[in-house]
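Open the model in your viewer and keep the selection panel at hand. This tour goes chain by chain, then stops at a few single residues.

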Amino acid sequence: MWFDVDPRSSVAIYRQLVDGVKEAVARGILETGEKLPSVRELAAQVTINPNTIAKAYQELEREGIIETLRGRGTFVAAHKPQKNLEEKEKAIKSMLEKIMVEAYYLQLDEKTLLALMEKTVQNWYRNREGV
Amino acid sequence: MKLLYWNKALAWKEWRQNSLRFWGLFIIMSLTPVFSAIFTLALGALYPEAWFNGGAYHANTWSEGIALMVNSGDNWIMRTLVPILIMVLAVLIVAEERSNNSLEFLLATPVSRREVLSTKFLLGAGVITAIMVFEFLFMLGLNICLPAKYSIGAAGEWFLLTTSVYLAIFALALLAASITGNFRTALFAAIIFIYFPRILAEILGELFAAFDLYPGMFLIPYRETLAFWANHLTLPYYLDHYCYGQLNVWAVLLIILAAIIFYRLAIRFFEHNQQERNGQALMLANSAQILKVGTSILLAALSAIILAGILQIKGWPILLFFVLVYFLVSALFAFVYRYGDNT
Amino acid sequence: MQNWAIEIQNLSKIFGRKKVALDDIDLAVPEGSVFGLMGPNGAGKSTLIKILMGIIFPSSGTAALLGRDISNPSGELRQDIAYVPEVQNFYPSFYVEDILGYCQRVYPNWDKKRCKTLLKAFDLPIEDRVRELSKGMKTRLAHIIALSIRPRLVILDEPGSGLDAVIKQEFMRLYMQEAASGAGIFFSTHNLHELERMADQVAVIMKGKLLFQRSLDEWKANSRKIQAIFPEGLPEEIKDLPGLLRVETQGKVYSIVLGDHFTENLERIKALKPQYMDTLDISLEDLFVYTMKKEGYSHEIALLE
């Protein structure tokens, strides 16, 4: 589930939550307009520090992924974050570079890597539509 | 100066914890005026002809036991047993909290230390006073309704003195318990506080005689003077020497004042005797040390007195013997402590 | 101005004449924080907590709970502070009902309904005497009381000792819910997984001394294990890195364990031109162990034969 965290990881727990929600929204597990549990509920549900959860929610709200309606709760935002193309490219590029390093050590050549990527990307979109 | 720190929740808890003990005390303290009178009255009504002791049954026979008690204090239950029970009760209600470690639970709840001890005292003292008032009213009522061998004045005097001594003993035992750590040390301290002045005076008197020291030398008082002060510092003495018509109002007032002082001191010490290292009399820094020295002196004194009695000698050989025994016992203690602790 | 749930200044405790249990502790727990106190056995955690609850007195220094000085003899300061010790000391001859009866009378904000719900949920036999309860049941009772007083501050000494995993988890959830409603939680623990999930701030005490107090996120973000190979052996400069906890050697590879200043140290190590370098995550458990070892708390035993 999107709120599963691994406390042993050196990634801060609030970061893990932010990433979890982002991934769930991207995969379509959390749909636009869906209500998220309140900080109190989630804290009790997963036994995580409520301040950490509040911090994660704040971060998600800042990034425009969720929105809080006063008195009604927290929901998955209707509008996806609008960043310009340059920013988006920059964000993806740095991650791709990390993959390239791994691929180099695994001795994958350019062609195999590209094929693998293409297949993964295609599968991902197909799965998402299927949800 | 605020004197009473009553806490309702604590009193409720205290009652739950000790009600059986209080009822037991009530029954024992009622044996003489209440049960004895009722029993004799019932027996007299059923079998007046079968009366024993050579005498016939009279309308006032029921009051014989009470008359003995209120005229000359002659009743071993009220004179000897009840003071001991009251002492044990006071020691128990404080020491039990420490030996169960329940004081730790109690102190984490919103109550203060002084409320804890004050409520214990007030409830216990209240129960003792209530029982005594009940006994007195019973004697008063029967005296008015039936022919009796005692006067209301005697019952009143006996009631005043006995109640005040009971309260003072209760407060003093509470004080002993509040400066010590567990039941045994608390009881030991209570016995010493309550009975020791008289025993001490006896021992000192004997010892002075055995060492061949005479009154006046090193400010040593006459044995009679020593005994007088020691007796008046020993609370049970007042019960032992009670006699109707000889009651000193000032003595009663002083005993009540002493009870209040003991109670105040108990609160003070209880507030500072913290819950660390069970069984230590913390006010006295190191109870083991005090116990060691105290017992050594006591044993040395006793054996010196006995030796002097057997050999019929006095003076410096006995003094030497006293010192010798003291060091011997201390050495024995040191040995036991060093090698006994590890086991 | 920041409000503190717990504020401790220069607190020391000496038992007897010279056994120093706590040495000049300064600690501040912000309101609404979940604060984890770590330390090896006998470090002084329980002593500190008992001092806070007024069970024992400090030798010097001051402390305040929710802004109220603990040296005040009045009991009122504890009316919204819950405390669950490691070992429960209820009156053995009392029925569970009596214990609750006392609590209900002594705590002004006692929540009867909540207590009833909890008693039922945790299967507590209220007609039993305390001495008939198992250790776990007594601990359950203590937690139920703690939650029923509607606390503004909860102090837990080794919560969960004597509880099975399921029950423990349930209570922790309830405490997290309390924390979400604004209650401060202060707990000592050996269980670092639990601490990682629940705490936002941690403090480490050892041999009565406070080593540090910091935000858990910050601590974790600044701690890493760096593995590196240097062409000419370990450079001297490594020893001077701030926050260095330990250097281990395995063949050519040096494992440099950092407890602080990760980014700064990374640059410094890079400047030493390592032949090979890798950064590894480090768990709180390892971090704790390395910190303890650095402070001289070591029980390394040679392989047993």
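**Stop 1: chain A**

Select chain A and colour it by secondary structure. You get 5 helices and 3 strands. Helices (H or I, at least four residues) and strands (E, at least two) are DSSP runs, numbered from the N terminus. Starting at the N terminus, the order is α-β-α-α-β-β-α-α.

Before going further, some ground rules. This is a predicted model, in which local features need pLDDT of at least 70 and side-chain atom pairs count only at pLDDT 80 or more, while totals for chains, interfaces and linings use all residues. Residues are numbered from 1 along each chain as its sequence is written, chains are lettered from A and ligands numbered from 1 in the order in which they are written, and side-chain values use heavy atoms, with hydrogens and water left out.

Along the principal axes it spans about 55 × 35 × 30 Å. Of its 131 residues, 32% are buried. Buried means under 20% relative accessible area, exposed over 50%, and partly exposed in between (1.4 Å probe, protein chains only).

Show the surface of chain A next. Areas come from the Shrake-Rupley method with a 1.4 Å probe; for residues, only the protein chains shown count as cover.

Colour by charge. Chain A carries 20 positive and 20 negative side chains, and the centres of the two sets lie 4 Å apart. Lys and Arg count as positive, Asp and Glu as negative; His and the chain ends are not counted. Each charge is placed at NZ of Lys, CZ of Arg, CG of Asp or CD of Glu.

**Stop 2: between the chains**

Bring all chains back. Which pair of chains has the most contacts? Among the 2 pairs that touch, it is chains B and C. A contact means heavy atoms within 4.5 Å. Chains A and B share no contact, and their closest C-alpha atoms are 26 Å apart.

**Stop 3: Gly153(B)**

Select Gly153(B). It sits in helix α6 (residues 152–178) of chain B. Gly153(B) counts as partly exposed because its relative accessibility is 38%.

**Stop 4: chain C**

Select chain C. Its secondary structure comes to 9 helices and 14 strands. The C-alpha atoms fill a box of roughly 75 × 45 × 40 Å along the principal axes. Buried residues make up 53% of its 305 residues.

**Stop 5: a positive patch**

Select Arg105(C), Lys112(C), Lys116(C) and Lys120(C), which form a positive surface patch. Patch residues have over 30% relative accessible area and no salt bridge; like charges are joined within 9 Å, nonpolar side chains (Val, Leu, Ile, Met, Phe, Trp, Tyr) within 5 Å. Helix α3 (residues 112–121) of chain C gives the most, with 3 residues. Lys120(C) lies in that helix, and it counts as exposed because its relative accessibility is 71%.

**Stop 6: Glu158(C)**

Finish in the loop between β7 (153–157) and α5 (165–180) of chain C, where Glu158(C) lies. Glu158(C) is buried but has no salt bridge, meaning a side-chain nitrogen of Lys or Arg within 4 Å of a carboxyl oxygen of Asp or Glu. The nearest side chain of opposite charge is Lys45(C), 4.5 Å away. Leaving aside neighbours within four places in sequence, show the contacts of Glu158(C): Lys45(C), Glu86(C), Ser188(C), Thr189(C) and His190(C).
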